[in-house]
Structures are given as C-alpha cells and as structure tokens.
Amino acid sequence: MLLLLHVLMLSLLSSGSAKVVQDFESECGQFFANGKSPTRFPESQYKQICQTLYDNVYYATFYDTHNKIPVYSAYKFEGIMGCTRIESWYIEPQIDDPNKGQNMDFGRTVNIHMRGINQALNRDYDNSGYDRGHLAPVYLANSQSCADATFSLTNAAPQAKCFNRIFWWDEELSLGTHLKTACSSQPVYIVTGVVPDPNNSNRVNVPSHFWTAYCCLDQNNRCSDSGGVIGTNDNNSNIQKMSVADLEEELRNLYGKTFQLFQ
Ligand SMILES: *[C@@H]1O[C@H](CO)[C@@H](O)[C@H](O)[C@H]1NC(C)=O
Ligand SMILES: *[C@@H]1O[C@H](CO)[C@@H](O)[C@H](O)[C@H]1NC(C)=O
C-alpha cells in the first residue's frame, strides 16, 4: 500500500513538472546541438520550458519571468511544410502555477488572480502597437502541430510591425532556402533570441534586438555550416549577418555577460 502510494505520488509529481523543468538539457536536449543548451543565466527569474502541446514536445524556451519575454527558443529544422497559422496564442500554465498541467493552453486552467503574474498575456499586446513576434517561427516548423505549438506567448516578444513582417520575415525565408540546400542531409539546430531593453519599463519588455544563430552538424558533431543574424527592433531595422563567434561577441556586449550559442 505504501509502495503504491509512493508510485502514485511520483507519477503525480512528474506529470506536474514535465513542462517547466529544472534542467531542459536532460528533459528535452534533442533541440540542442550535441545536447548542450546555449548559456543559461543562473538567476531564479529564468525558467526552462520544454514546450509541450497535447503531450508532445516541440522546442525548448529559456524564459525571463521578470521581463516576461523569452531569452531564446531552441528548435530543429527538418524541412518546410507550409503550415497554416492558428493566430490564437497559448500561455504556459506552470509559469504562473507550478501545480498546473504540462501542456500549453489558453490560460483558463490558471486561477485568474495568478494568471499573467510571471508571463505575458494577450492583453499586454492588444493595442500596444507591437506584433507578437515569434522566436521559434511558424515558417520553419516541420508539422502543423509544431507550427501550432509556436503560438505560445512564452515564445514571443513585442516586435515592431515592419521589422516582423518585412525584414525578419525575409531573414526566415532566406535561412529556410539556405538550409534546404546547404544542410539537407544534416541535423540543423537553430536558436532565436531577444535582448531585453534595460530602458524599457513596460510590463512586457520591448526588446532592443532579435537574433538567430544556426548550426548544421557534421559527422564529427561540429558545426560544418553556421551563421548568425541580429536586427534592431524598430520599423527600419538594421540587420547584420555575421559568424556565430561574432554574434556571441555581440551578445556578450549586449547582455553584459558571457553568451555561448553552440558547443
Ligand atoms: C511601426 O510602424 C507601424 C505602422 O506604421 C506603427 O503602427 C508602429 O507604431 C511603428 N512602430 C514603431 C516601434 O515605431
Ligand atoms: C539606455 O539609456 C542610456 C542612457 O540614456 C543609454 O546610454 C543606453 O544606450 C540605453 N540603452 C539602450 C539599450 O537603448
């Protein structure tokens, strides 16, 4: 009887913590090159999410509960499926209430007094003048359910409309085209992140930059083809392409701490 209770308790505990996890390298390391995540900051405001929809995990997000935007989302590129956009946004119940379920949902499971304490809600974006800018994008998703799972507000940050719809979109298109030909037979890992603007005091921080880095692994588990891009978050975005090492240097300056993308 005691043993049975113990097993029951364990299964309850593990199902309750499957989505916001202590260590996403061990829980959903499949989204990281060589199973190693980009830099994780140690402060408790940062949460590690294995992004789960209907009990399937689609990508990983390192989330900043103070600024209520991600630091980055990490995902694999496995071809372009031309998915449709659901245009309604999930939240992550366990960010506000660790006792809630592991699947992203439309927020109804979280008590109204707790909902949004640690994360962005739709009302933070409505009439803000900013788009809900995807980090892990719809365009590079390899299945409709994966595309649907990118519609989590924990995978989005306020993005200037022209930057999102013109300049950043162009970057997603050209990255997809490049990867389809250059890395067609190799595993491809992508990380997309944002840099919070320390001078912005909105409830949901309007980041100063969006950035992306990719790595195609060869048989020796090295990045045989890789690159980075960073753009300022304004309507006339200044976008710069660079090597992964130069992007790491740029991010080190912007975040004010060491930042490693791939290992
Ligand atoms: C970008 O342009 C759109 C459309 O003209 C405007 O509504 C929005 O306020 C502008 N955003 C920024 C950050 O300048
Ligand atoms: C924040 O404001 C300070 C002082 O005005 C300025 O020097 C700095 O460049 C600003 N930082 C960003 C990211 O805009």
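**Exercises on contacts and salt bridges**

In the protein chain, residues 24 or more positions apart make up 64% of the contacts (heavy atoms within 4.5 Å) with a separation of 6 or more. The model is predicted, so local features need pLDDT of at least 70 and side-chain atom pairs count only at pLDDT 80 or more, while totals for chains, interfaces and linings use all residues. Side-chain values use heavy atoms, without hydrogens and water, residues are numbered from 1 along each chain as its sequence is written, and chains are lettered from A and ligands numbered from 1 in the order written.

**Exercise 1.** Find which residue forms a salt bridge with glutamate 92, and say whether glutamate 92 is buried or exposed.

*Solution.*
- Step 1: look for a side-chain nitrogen of Lys or Arg within 4 Å of a carboxyl oxygen of Asp or Glu, which is what a salt bridge is here.
- Step 2: the partner is lysine 19, with the closest N and O atoms 2.3 Å apart.
- Step 3: glutamate 92 sits in the loop between strand E4 (69-77) and helix H3 (93-96), and lysine 19 in the loop between helix H1 (2-16) and strand E1 (20-21), so the pair ties together parts 73 residues apart in sequence.
- Step 4: buried means under 20% relative accessible area, exposed over 50%, partly exposed in between (1.4 Å probe, protein chains only). Glutamate 92 is buried at 0%, and lysine 19 is buried at 0%.

**Exercise 2.** Work out what salt bridge links glutamate 249 and arginine 252.

*Solution.*
- Step 1: their side chains meet at 2.6 Å, N to O.
- Step 2: glutamate 249 is partly exposed at 38%, and arginine 252 is partly exposed at 32%.

How values were computed. Helices (H or I, at least four residues) and strands (E, at least two) are DSSP runs, numbered from the N terminus.
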